[in-house]
Amino acid sequence: SSVDRGEYRHFMQKEIFEQPVAISRTLHERLPLDGAPLALGREVLDLLQAARAIRILACGTSYHAGLTAAYWFEAMAGLPCRVEVASEFRYRTTQPLPGELVIAISQSGETADTLAAVHDARERGFAGILAICNVDESSLVRSADASLLTHAGPEIGVASTKAFTTQLVALALLVLALAERQGPRPELRQALRSLPAQVEQILAADQAIEALSALFADKQHALFLGRGIHYPIALEGALKLKEISYIHAEGYPAGELKHGPLALVNEEMPVIAVAPNDALLEKLRSNLEEVRARGGQLIVFGEEGAVDGDGIRVHSMPPCHAFISPMLYIVPLQLLSYHVAVLKGTDVDRPRNLAKSVTVE
Ligand code: G6P
């Protein structure tokens with residue numbers, strides 16, 4: 001059945017490797033080949049057309065998908081976008097903008113804080129509720145005005161992987177629909193279409209990532225750095241590592257290093273950098289130089305030659321279109337956490353103290 005581990009040692013590993021298929025299913029039919037409009041459903045498109053601003057509400061990994069998408073909504077769709085942890089949103093006073101649409105993101109559709117936040121948003125005068133969810137007929141889908149389902153299939157591992165990448169794909173489709181109001185964007189469509197094959201290519205480097213995991217065997221702390229849209233990817237990388245390997249990990253925007261975390265950098269704390277070839281690479285390089293100068297052990301995910309220097313380990317990533325790079329750069333971080341957890345002998349699929357779906361406050 002689909003909830004069998006098959007040849008894999010853990011569900012998490014299986015789910016990481018299922019991502020190309022899960023992404024294909026999430027794109028399937030919604031992204032027509034012939035340049036026809038995106039098929040996201042009339043209700044979804046109506047909510048999007050009416051939106052003048054966006055508020056994203058979610059928890060955990062789903063919150064990180066929202067943080068990532070906010071960069072797209074503002075830069076590519078021209079809409080103001082704010083992202084909030086559902087458990088905070090529900091207990092504060094907020095001022096919705098005119099026409100502000102709520103996008104609630106949840107793998108399970110049963111997270112108590114997210115459901116409560118959606119309920120509150122209705123009473124506070126938001127323009128509508130759009131759900132991004134992996135479970136049809138979940139409480140979230142039933143309470144939303146419209147939904148865009150991710151087709152990740154059942155996710156068993158507590159640490160979310162394929163649900164995250166498919167949430168990003170669903171959000172990317174929404175952004176694309178908005179961006180195409182100004183005219184067709186064949187290059188963005190093509191980038192999305194190439195995603196499953198590109199993820200496949202990254203998964204093929206699993207052994208090299210497994211080898212990197214040895215660096216973490218005796219570490220207590222790790223720092224994940226990114227800039228721009230890859231800052232939330234760094235946050236998600238840190239979350240994966242802490243959830244399943246129990247290594248204390250933090251994600252930081254690399255430009256903030258000098259305002260605190262640099263004090264912690266020494267040979268005992270590996271620093272992982274998400275370094276795609278974008279407009280911020282040059283800035284990131286100088287941030288990483290600060291780490292190296294203080295004896296920090298640097299592990300960089302980037303294109304060949306993106307960053308070099310003595311003692312820096314670079315895991316080389318294939319070149320990609322900027323639109324899909326967040327979905328690609330999270331994959332090696334998932335694999336890294338997985339291998340570190342296996343090395344440490346933790347209960348990978350059921351980490352201590354955590355639940356797959358938190359249905360109580
Ligand atoms: C729990 C899970 C996380 C998940 C979060 C939100 O903490 O362990 O993996 O990201 O809940 O869950 P949701 O189902 O709302 O996406």
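I take helices (H or I, at least four residues) and strands (E, at least two) as DSSP runs, numbered from the N terminus.

**Entry 1: the model**

I am working on a predicted model, where local features need pLDDT of at least 70, side-chain atom pairs count only at pLDDT 80 or more, and totals for chains, interfaces and linings use all residues. Residues are numbered from 1 along each chain as its sequence is written.

**Entry 2: the sheet with E3**

I looked up the strand order here. An open sheet of 5 strands runs E2-E1-E3-E4-E5, with parallel pairing. I count two strands as paired if DSSP finds at least two bridges between them. Which strands stand at the edges? They are E2 (81-85) and E5 (146-149); each has a single partner strand, so one side of each is left without a neighbour in the sheet. From one strand to the next, the twist averages 20 degrees. For axes I use lines fitted to C-alpha atoms, for helices over the stretch in contact; angles run from 0 to 180 degrees between N-to-C directions.

Next I went through the pairs. E1 (residues 53-58) and E3 run parallel and are joined by 5 bridges. Ile-56 has Ile-103 of E3 as its bridge partner. On to E4 (residues 128-133): this strand pairs with E3 in the parallel sense over 6 bridges. Ile-105 stands opposite Ile-132 of E4. Between E3 and E4 the chain passes through helix H6 (residues 112-123), and this β-α-β crossover is right-handed. By right-handed I mean that, with the strands pointing away from the viewer, the path from the first strand over the helix to the second runs clockwise. E4 and E5 are also parallel, over 4 bridges. There, Cys-133 stands opposite Leu-149 of E5.

I also noted a helix on this sheet. H3 lies across E3, E4 and E5, at about 115 degrees to E5. Contact here means C-beta atoms, placed from the backbone, within 7 Å.

**Entry 3: burial of E3**

Is E3 mostly covered or mostly open? Strand E3 (residues 100-106) is mostly covered, with 7 of its 7 residues buried. Buried means 20 or more other C-beta atoms within 10 Å of the residue's own, exposed means 12 or fewer, and partly exposed lies in between; C-beta atoms are placed from the backbone. In a regular strand the side chains alternate between the two faces of the sheet. Glu-100, Val-102, Ala-104 and Ser-106 point one way from E3, and Leu-101, Ile-103 and Ile-105 point the other way; all are buried.

**Entry 4: the ligand shell**

Ser-106 came up again here. The ligand is surrounded by 16 residues, and the closest are Gly-60, Thr-61, Ser-106, Ser-108 and Thr-111. My cut-off for near is a C-beta atom, placed from the backbone, within 6 Å of the molecule. Which helix gives the most to this shell? Helix H4 (residues 60-76) does, with 3 residues. I sorted the shell into 5 nonpolar, 10 polar and 1 charged. Nonpolar covers Ala, Val, Leu, Ile, Met, Phe, Trp, Tyr, Cys and Pro; charged covers Asp, Glu, Lys and Arg; the others, Gly among them, count as polar.

**Entry 5: the sheet with E8**

A further open sheet has 5 strands in the order E7-E6-E8-E9-E10, with parallel pairing. E7 (248-253) and E10 (313-317) are the edge strands, each pairing on one side only. The twist averages 20 degrees from one strand to the next. E6 (residues 221-226) and E8 (residues 270-275) run parallel, joined by 3 bridges. Phe-224 stands opposite Ile-272 of E8.

Two helices pack here. H12 (residues 231-245) touches E6, E7 and E8, and its direction makes about 180 degrees with that of E7. H14 (residues 325-344) touches E8, E9 (297-303) and E10, at about 135 degrees to E10.

**Entry 6: loops and phi**

I looked up positive phi values. Most residues other than glycine have a negative phi, and most peptide bonds are trans. Glu-29 has a positive phi, near 70 degrees. Glu-29 lies in the loop between H2 (19-27) and H3 (42-50). With 8 other C-beta atoms within 10 Å, Glu-29 is exposed. Asn-353 likewise has a positive phi near 70 degrees. Asn-353 sits in the segment after H14. Asn-353 counts as exposed because 6 C-beta neighbours lie inside 10 Å.

Last, Asp-218. This residue is in the loop between H11 (206-213) and E6. Asp-218 has 8 C-beta neighbours inside 10 Å, so I list it as exposed.
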